Amino acid sequence: MKFSSKFINGTMLVSQYCSKSRLICHKILPLPLAAFLLIFVLIAPMEGSPNKASNILCDRGSMLKQKEIKIKEKEEPKLKIRSEVIHGAQMEDKYDSITMPVYRTTIFGFKSVEELFEHGADVLSGKRDDEFFYMRVGNPTNTALERRLAKLESAESCVVTASGMGAIATVMWTFLKQGDHVLADTTLYSGTRTLLGELLTKFGVEVDFVDFNDLGLLRKSLKPNTVIVFFESPYNPTLKINDIAQIAQIVHSYKKDIRVVFDNTFATPYLQNPLLLGADIVVHSITKYIGGHSDVMAGCALGSKEDTQKIRFTGVENATGAVMSPDNAYLALRGLCTLPIRMDQQCKNAMKIAQYLEKSPYISKVYYPGLESFPGHKTAKKQMRDFGGIVSFEVRMDPEQMKRFVNGLKLIRLAGSLGGVETVIEHPAFMSHFNYTPEQLAESGIAPNQFRLSVGIEDIRDLIDDLEEAFKNSVSR
Ligand SMILES: Cc1ncc(COP(=O)(O)O)c(C=O)c1O
């Protein structure tokens, strides 16, 4: 083996942890320094554990092979959700690491041609999720996240994707063909609305939008060629609540094999489990509450083994390629651990803000499912564990005053996303739902004087002080 090849293939221990180190060793570092670093990295793990270290070194040639990445599901007692977000479907790696490592490698090798013949077909066709060969089809860090999310959503299986839109688009590409019909609610995240209303239709898919609160209209709008029924609850940004169990029941009694696809981004698996209420597939933007810190873009689709296998091997592998990076899977796993405690605080803060806004002279309407006055309150209480961290409201202000109100906020930032630990505000008609036509905005109940607040985990007194000051500022000229 030539010296430069040894840096690539002869030091697998280095490259297992960080493939960038290959580049650094190979191209950038001067030789003596590279040699020193190599020796340091090889020797460092031996400290205090010579046997383990020498085993690692003896084993290193085979460590990257898919058969050697030891992944097994721990036998575990039924855990409560706060424990499950941390320990559920725990995957072990070879070194018993407590957090799942980032397997930053796009390829995994086969030991021999014989092994390729023996296992290749199963790996390539996705019959197994514990063997790996190419990152677009699977990666151990992603699998760890998939297994935990499946456990939390009571799904048989899960596929993680590059973003929430990646998950939604992948589901559509997997199950639809020319001539099929999709029925969706009128109010949806704007990206979903564009995908359904403008892009799928280009490929000959028929799409209708109706208000799913009108169950008679929903029933009447189902067609013999309906393949997917898509909705959210609570909705972005009006927090409209739909009865998931009732809708799934109506759809399935019309035709059993229509897939009820539900976007559970706003509620998360902590507050609501749509698969238990009759939905067939659940999608999430992990970018929001599951990630929880506004630093990761990711999504997932959950459902039966059969459906998720199709989604992975038709949708992700061959259609959208919307694969999640293992770095993002790591961040999502970390975010999941604190989802319940963040969400509890966000729900508590949101309720207090909604109650404060209800009494405010600057506000004409408050949208929050936790308020008894909110139209969907009873249904939300029935199907959710708490009411979520989003509050929308309409202000009694002209456009100039609205501008002054937002500019007057000091703690609460003007930003387009939601679900992070920090409170952010946005103007749906201008920002998240900018691509809705005036008719679509009216049909969805999005008013020009409406704001959406994604409530964080800050001290509630600071949040209310910030709002109060900004409201005063808006009318003080
Ligand atoms: C309800 C909902 N679904 C899906 C998405 C899309 O998610 P992502 O931005 O991760 O693609 C969003 C984004 O805001 C959303 O609010």
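How many bridges join strand β11 (residues 424-426) to β12, and in which sense do the two strands run? The tour comes to that pair at its third stop, after a look at the whole chain.

**Before you start**

What you have open is a predicted model, in which local features need pLDDT of at least 70 and side-chain atom pairs count only at pLDDT 80 or more, while totals for chains, interfaces and linings use all residues. Residues are numbered from 1 along each chain as its sequence is written.

**Stop 1: the whole chain**

Show the chain as a cartoon, where 20 helices and twelve strands can be found; helices (H or I, at least four residues) and strands (E, at least two) are DSSP runs, numbered from the N terminus. Of the 477 residues in the chain, 43% are buried, a residue being buried if 20 or more other C-beta atoms, placed from the backbone, lie within 10 Å of its own. Among the contacts with a separation of 6 or more, 72% are between residues 24 or more positions apart, where a contact requires C-beta atoms, placed from the backbone, that lie within 7 Å.

**Stop 2: the seven-stranded sheet**

Select the seven strands that form an open sheet of mixed pairing, in the order β1-β7-β6-β5-β4-β2-β3; two strands pair if DSSP finds at least two bridges between them. At the edges stand β1 (157-161) and β3 (206-210), each with a single partner strand, so one side of each is left without a neighbour in the sheet. From one strand to the next, the twist averages 20 degrees.

Now colour β7 (299-303), where five of the five residues are buried. Gly-299, Ala-301 and Gly-303 point one way from this strand, Cys-300 and Leu-302 point the other way, and all are buried. In a regular strand the side chains alternate between the two faces of the sheet.

**Stop 3: the five-stranded sheet**

Select next the five strands that form an open sheet in the order β8-β9-β12-β11-β10, again with mixed pairing. Its edge strands are β8 (363-367) and β10 (413-414), each of which pairs on one side only. Four bridges join β8 to strand β9 (residues 390-395), and the two run antiparallel; look for Val-366, which stands opposite Phe-393 in β9. Helix α16 (residues 339-359) packs on this sheet, touching β8, β9 and β12 (450-454), and its direction makes about 15 degrees with that of β9.

Strand β12 has five of its five residues buried, with Gln-450, Arg-452 and Ser-454 on one side and Phe-451 and Leu-453 on the other. With β9 it pairs in the antiparallel sense over five bridges, and Ile-390 stands opposite Ser-454. Here the opening question is answered: three bridges join β11 to β12, and these strands run antiparallel. Val-424 stands opposite Ser-454.

**Stop 4: two crossing helices**

Select helix α8 (residues 140-153) and helix α15 (residues 326-337), whose axes come within 8 Å and cross at roughly 35 degrees. The contact involves residues of α8 including Thr-141, Leu-145 and Arg-148, and residues of α15 including Pro-326, Tyr-330 and Leu-336. By class, this contact has eight nonpolar, two polar and one charged residues, where Ala, Val, Leu, Ile, Met, Phe, Trp, Tyr, Cys and Pro count as nonpolar, Asp, Glu, Lys and Arg as charged, and the others, Gly among them, as polar.

**Stop 5: around the ligand**

Finally, centre the view on the ligand and show the 14 residues around it, of which Ser-163, Gly-164, Met-165, Ser-285 and Thr-287 come nearest; a residue is near a molecule if its C-beta atom, placed from the backbone, lies within 6 Å of it. The shell divides into four nonpolar, eight polar and two charged residues.

Conventions
A residue is buried if 20 or more other C-beta atoms lie within 10 Å of its own, exposed if 12 or fewer, and partly exposed in between; C-beta atoms are placed from the backbone. Two residues are in contact if their C-beta atoms, placed from the backbone, lie within 7 Å. Axes are lines fitted to C-alpha atoms, for helices over the stretch in contact, and angles run from 0 to 180 degrees between N-to-C directions.
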